[in-house]
Amino acid sequence: MTKIITIITLFICSLLSAQTQFEQGMTKAFGLWKEGKNTEASQLFERIAAAEKNSYLPNYYIALINTTAVFTEKDKTKIDLLLTKAQDALDAEMIKDQSNSELYVMQALIYTGYVVADPMTNGMKYSGKVMEAYAKAKALDPNNPRAVFGEADYQLGGAKWTGVDTKPLCAQVDKSIELFNNFKPATPFSPKWGLERALEIQKTCK
Amino acid sequence: MKTRITFILLLLSTFTFAQNIISGKVTDPKGKPVVGANIYIDGTYDGATSSETGEFSFETTETGNKFLVVSFLIFETFKTEIDVANYKNQIIKLRENMNALDAVVITAGTLESGDKARVSVLKPLDIVTTAGSAGNIVAALQTLPGTQSVGEDGRLFVRGGEANETQTFVDGIRVAQPYGATTNNLPTRSRFSPFLFSGIAFSTGGYSAEYGEALSSVLLLNTQDEEDHEKTDIGFMTVGLSLGNTQKWNKSSLSVNMMYVNLAPYQAVIPQNVDWNNPYQSLGGETVYRYKFTNGIFKLYASFDSEKFDLNQKNVNFENPIRTDMNNNNFYLNSSYKGSIGPGWQLTSGISYGYSKNKLKYDITGIDSQENAAQLKLKLSKKVSNYFRLSFGSDYFITRYNEDIASTTAIQNGYDSNIFASYAEGDISFSTKLALKVGLRYSNNSLLNENNIAPRASLGYKLSKASQFSFAYGDFTQTPVVDYVKYSKYHQFESEKARHYILNYTFSKPGQLLRTELYYKDYNNLVQYDTRDIQYNSVFNNNGSGYAKGFDLLWGDSNLYKNLEYWISYSYIDSERQYKNFPSMVTPSFVANHNLSVVTKYFITDWKSQIGFTNSFSSGRPYNDPNQTQFMNGKTKSYNSLSFNWAYLLTTQKILYFSVSNLLGTKNVFGYDYARNPDPSGVYQRQAVIPTADRFFFVGFFWTISQNKNENQLKNL
């Protein structure tokens, strides 16, 4: 009897520890990212992604880390490598699930990375794709604050020279902040970023 | 008691497992440390990132034999089985990944534009925003080195080759009639609007064994795989109207473009050098349908064109101008499938059909001609390893041509041609620095009753991160042009032949490109005849020959000044031929020794405008003056044309576009037509071949209606 109990306990423990191992790994990776160790963080996410095929989050964060790194990177060849890496990670999840709103927000962000890196070459080419990806993200989840804000933010970025009316866009930013405040992430590691930037944009918008 | 021991043992073992340290060093093939590689035990979180010295060390709770994985973007991923307890201070040498972004690409002969091009000469947008191109793909390509701008013809002349020596392919399948209808000394333009193509590769020689029936050059146009979104485009121009619409579904999309051109209002306002009875009019349309399967993509491309014009041209042989009345109908259909079939295998197949009907009335002579041309194509390629790729395939070309001439007597000419061809080609990567491509093309031509074998080879060697050499060699054959082979029932023609040698040096950095090329081209088996004009009773032979040698230079830069882009292209060519009815080896009239183009584009953010200038210069071209004893002894004055364009964004979706060619109104002369017979004083009179108008003005308004407010038609201009 004791043996059976021990085995069951061990089994539960290992289950629990498997759970915590994922949490530990994710927590550690977020820690590295916060410290600015992008390569290390991205690589830990890669290891987690290789071991945990059931969660889209590790690959999602690989894509996010590498894409956001582009916004501060100047070397064009490096930008290409970062975005390729981000796209590969995203593709791995897109194949499994085409109905996740967050993945389309990520796709829009990668395309934005190309536009920011070389607006003259890529502006015309990727703008349509950015908007299309946000439209899909919104169709899948109209209350995704990142989709609502991202779409408005991208158009505001171009408004300086396209002369688009910013008023409805600012209204969208306001709406997204409301959505951000009501947003409850599905798991502790699910995407929840974006509120700070939305508030920043709200200040300059009007 | 037992349980307790098990428990302690378990605890102990976890303790001892944690003691396993994996350590070592990651290097590149040369032994230099690799910084930032990801080293881990497969299926676990245990791992590390290599340091500045390439070293790594981490602890693991795993035991026994496990797989250790080392990955880094530009190297092949390394995987090996290790004993976790005994893996310390090991050196891991990574192999180069042949698909890496900076691997050598063979570039000899090829000028590419598009997303996938590794060494992109032009961006897709450039084709259409080049001043002076007026949306004509061919006109934009004429600003690149290796081409000759032949103003009275309008087609692509490459490296001393005639225009028909260049073949056009859409999605890998030949287009039998790539140009619009034209007549004596009136320039034509490409039938294709740049709108539907995402990639353009233009090869000025030494191209792959996949392509045949082209002596000089191939122009490869690829339609877009995917449309961005649904939209409607409307254009109002001084020369006509255009309308386009794109619909998109889950897995498929359909684009349709229609264009109506009528030059009558324009020619009423702007003085012309030509007397038009009925100005140029055309109605045309193009459509692309795409369907995406899980493993491949199916595309259907169709276009039709109906053109007509009627004009009186002065002719030095006659007192009164000669009337030319032209009607042309053209249809082209192309369907292709491209997809993967099993690991490493790729299949491309396609079929095309082209139909052209010309009704020409030249003075009192009526010439009706019809051409039906089809191609079937199948291509397979297999990636054997990262170091070797094999591709092979077959083509079948069918051409039926007939011509009815109604003059004082009725004459019929024509031919049926079937060409079967097969090819095989291997791509070998020795390292990221050295790559070789070797191919062989076999063809059987039923009309000429001959078999040909054409070897091709090219080699690329990378000197440094930014620079590389390429070398290409190839044999090329082509059926003589329709003007000859339509008399096949009177004479058995043979294929014309060329051999290319090309040496290329390319230096490229982001925003900068230097490309230089030296080439030598040898022609033989060219058709000769012994009469003034080509006639059924001319005595033909295939004994003609010729050569072309020269130097091409291209420099493009977008780093010099913010929002400014420019490129300079220069070509020097020395070419002579003895063919047609030439009495001796001379430089033909379409060859200018020096060609220089300077293209600039500048975006002014404050004005929401893009402005561009293009200057094209060519040295004089030879012409034959029968008043002189030496053949082809004359030379025209040099040619120069400065063009300007201005695109203004009214709002993001509304664009106002203005362009003018030959801004300075330079009086250009392309050549001279001499009288067939001398006048009473014994002198042959002449007439200059000049453009139909000195300047060409264009004003257009383009409006895009779509959900996405940032989309516009700038890329179409």
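## Chain B strands and a helix pair in chain A

In chain B, 61% of the contacts with a separation of 6 or more are accounted for by residues 24 or more positions apart. The model is a predicted one, and its chain B has five helices and 41 strands. Of the 717 residues in this chain, buried residues make up 38%, while the C-alpha trace spans about 130 × 60 × 45 Å along its principal axes.

Strand β37 of chain B pairs with two other strands, as the table sets out.

| Strand pair | Sense | Bridges |
|---|---|---|
| β34(B), residues 609–618, with β37(B), residues 639–651 | antiparallel | ten |
| β37(B) with β38(B), residues 654–661 | antiparallel | seven |

Within the pairing of β34(B) with β37(B), Gln610(B) has Ala647(B) as its bridge partner. On the side of β38(B), Leu656(B) is the bridge partner of Tyr648(B), and the two strands β37(B) and β38(B) form a hairpin with two residues between them.

The axes of helix α3(A), residues 57–70, and helix α4(A), residues 76–96, come within 8 Å and cross at roughly 160 degrees. Because angles over 145 degrees count as roughly antiparallel, α3(A) is roughly antiparallel to α4(A). The crossing of these two helices is left-handed.

Which residues of α3(A) meet α4(A)? Among them are Tyr60(A), Ile62(A), Ala63(A) and Val70(A), and the residues they and others meet in α4(A) include Leu82(A), Leu83(A), Ala86(A) and Leu90(A).

Notes
Residues are numbered from 1 along each chain as its sequence is written. Chains are lettered from A and ligands numbered from 1 in the order in which they are written. This is a predicted model: local features need pLDDT of at least 70, side-chain atom pairs count only at pLDDT 80 or more; totals for chains, interfaces and linings use all residues. Axes are lines fitted to C-alpha atoms, for helices over the stretch in contact, and angles run from 0 to 180 degrees between N-to-C directions. Helices (H or I, at least four residues) and strands (E, at least two) are DSSP runs, numbered from the N terminus. Angles under 35 degrees count as roughly parallel, over 145 as roughly antiparallel, 65 to 115 as roughly perpendicular and the rest as oblique. A crossing is left-handed if the near helix is turned anticlockwise from the far one by less than a right angle, and right-handed if clockwise. Two residues are in contact if their C-beta atoms, placed from the backbone, lie within 7 Å. A residue is buried if 20 or more other C-beta atoms lie within 10 Å of its own, exposed if 12 or fewer, and partly exposed in between; C-beta atoms are placed from the backbone. Two strands pair if DSSP finds at least two bridges between them.
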